[in-house]
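Q: I have a model open and would like to learn how to read its features. Could you walk me through it, beginning with a sheet?

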Amino acid sequence: MTASHSTRMLILGSGPAGLSAAIYGARAGLAPIVVQGLQPGGQLTITTDVENYPGFRDVIQGPWLMQEMQAQAEHVGARMMWDTIVDVDLSERPFRLKGDGGTLYVCDTLVIATGAQAKWLGVEGEAALGGKGVSACATCDGFFYRGKKVAVIGGGNTAVEEALYLTNHSQDVTLIHRRDSLRAEKILQERLFAHPNIKILWNKGVERFVAGEGNAGLVAIDLKDTVTGETSQLGVDGGFVAIGHSPATELLRGHLELDEDGYLVVEKGGTRTNVPGVFGAGDVSDKTYRQAVTAAGMGCMAALDAERFLAEADFEAARETVVA
Ligand SMILES: Cc1cc2nc3c(=O)[nH]c(=O)nc-3n(C[C@H](O)[C@H](O)[C@H](O)COP(=O)(O)OP(=O)(O)OC[C@H]3O[C@@H](n4cnc5c(N)ncnc54)[C@H](O)[C@@H]3O)c2cc1C
């Protein structure tokens with residue numbers, strides 16, 4: 001027989017957004033269920049040093065932070081499910097969702113916190129040097145490269161913004177782009193071209209991230225000219241891959257409004273989606289900030305919005321009963 005679970009609040013995703021929603025939802029008495037997905041704890045579980053999450057004077061470890069968040073959510077009454085949602089029916093309330101083993105989840109409100117994965121180049125050395133010189137987030141890791149030589153790979157808005165951001169820490173920033181022009185907005189390009197500490201390598205594809213001897217981490221990037229085929233090497237301490245993100249929303253296509261890049265659309269300054277009772281939080285609906293603390297903040301907002309939605313719905317239902 002297929003298992004089934006009913007809850008006032010179902011949360012998809014166990015990153016900072018999902019777990020913060022769980023903490024607030026549990027403390028509001030909604031006994032939330034969190035479906036953790038393939039990456040319990042979310043993206044911070046694949047990083048090491050985190051220095052910008054408030055509350056900790058010393059550097060903390062991403063996986064440790066997420067374990068603590070989960071423990072806090074469970075402590076106040078949230079329930080974790082090691083499952084991944086593969087099907088949703090949001091046509092009427094209660095909503096019905098299905099896990100990959102066939103488990104049915106029935107819920108009065110739904111918080112979507114499925115995140116957005118950074119896109120990677122898929123070249124040699126990239127995965128092995130992740131957190132040891134190779135990163136996909138300048139805001140997160142730029143600080144660790146104070147006074148060092150860094151490169152950003154990409155040609156869109158994110159790449160240009162990351163390059164400009166890195167000049168706060170480094171006097172030697174190189175933007176590597178595989179074409180001879182950028183896709184980024186004109187105004188960003190103007191700021192980039194005008195910056196004395198940024199140089200641009202045009203028509204260069206990344207072939208390999210090169211590790212140093214022993215535990216030295218990244219020391220260079222092997223490049224190939226996309227026009228002439230000529231190879232070269234750029235010595236760097238940090239390499240930031242900025243070629244975009246993929247929001248985890250395939251499952252929601254046709255059920256909820258998504259923008260042109262696939263991000264879940266939520267009301268400005270809030271978390272309501274176009275389906276009443278469904279809320280979006282964290283990177284899945286935020287292509288601007290993409291930080292653990294902003295995701296956690298949105299998770300809190302989504303739980304508060306869901307709690308208010310339920311209170312209103314309960315009040316209306318009670319009033320209809322009295323009138324009838
Ligand atoms: C290498 C790296 C280093 C970073 N360093 C920092 C840092 O130092 N400081 C900082 O503030 N930010 C950092 N970030 C960014 C930060 O990790 C994200 O902004 C944050 O994790 C977003 O939280 P989220 O809850 O929205 O999504 P995520 O953390 O991405 O979590 C998404 C969750 O959704 C689940 N999920 C997906 N699909 C389904 C499904 N179908 N069913 C159920 N669950 C599903 C996943 O399993 C996962 O648990 C870093 C990111 C990376 C990749």
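A: Gladly. Strands of a sheet pair through backbone hydrogen bonds, either parallel or antiparallel. Here β14, β15 and β16 form an open sheet of three strands in the order β14-β15-β16, with antiparallel pairing. Strands (E, at least two residues) and helices (H or I, at least four) are DSSP runs, numbered from the N terminus, and two strands pair if DSSP finds at least two bridges between them. This is a predicted model, in which local features need pLDDT of at least 70, side-chain atom pairs count only at pLDDT 80 or more, and totals for chains, interfaces and linings use all residues. Residues are numbered from 1 along each chain as its sequence is written.

Q: How many bridges join β14 and β15, and how many join β15 to β16?

A: β14 and β15 pair over seven bridges in the antiparallel sense, with Val 210 having Ala 220 in β15 as its bridge partner. Five bridges join β15 (residues 218–225) to β16, again antiparallel. To find this second pairing on screen, look for Leu 223 opposite Ser 232 in β16 and Lys 224 opposite Thr 231.

Q: Which residues take a positive phi in the hairpins of this sheet?

A: Most residues other than glycine have a negative phi, and most peptide bonds are trans. In the β14 and β15 hairpin, with six residues between the strands, Gly 214 takes a positive phi near 60°. The hairpin of β15 and β16 has five residues between its strands, and there Gly 229 takes a positive phi near 80°.

Q: Which residue has a positive phi although it is not a glycine?

A: Ala 31 does, at about 40°. You will find Ala 31 in the loop between α1 and β2 (33–35).

Q: And where is a cis peptide bond?

A: Look at the bond from Arg 93 to Pro 94, which is cis with omega near -5°. Pro 94 sits in the loop between β6 (85–89) and β7 (95–99). These two strands form a hairpin with five residues between them and pair over four antiparallel bridges. Within this pairing, Asp 89 stands opposite Arg 96 in β7.

Q: What does a parallel sheet look like in this model, and in which order do its strands come?

A: Five strands form an open, parallel sheet in the order β10-β17-β11-β12-β13. The edge strands, each pairing on one side only, are β10 (134–135) and β13 (198–201). β10 is joined to β17 (residues 238–241) by two parallel bridges, and Ser 135 has Phe 240 in β17 as its bridge partner. Helix α4 (residues 157–166) lies across β11 (149–153), β12 (172–176), β13 and β17, running at about 170° to β11.

Q: Stepping back, how is the chain divided into domains?

A: The assignment gives domain 1 (4–117 + 245–323) and domain 2 (121–242); such bounds come from an automatic or database domain assignment. Their C-alpha centres lie 33 Å apart. Six residues from domain 1 and five residues from domain 2 make the contact, where two residues are in contact if their C-beta atoms, placed from the backbone, lie within 7 Å.

Q: What surrounds the ligand?

A: The shell holds 40 residues, the closest being Gly 15, Gly 37, Gly 42, Gly 115 and Gly 282. A residue counts as near if its C-beta atom, placed from the backbone, lies within 6 Å of the molecule. The elements giving two or more residues to this shell are α1 (16–27) and α6 (292–323). Both domain 1 and domain 2 contribute at least three residues each.

Q: How many helices and strands are there in the chain?

A: There are six helices and 19 strands. The C-alpha atoms fill a box of roughly 80 × 40 × 40 Å, taken along the principal axes.

Technical notes. Axes are lines fitted to C-alpha atoms, for helices over the stretch in contact, and angles run from 0 to 180 degrees between N-to-C directions.
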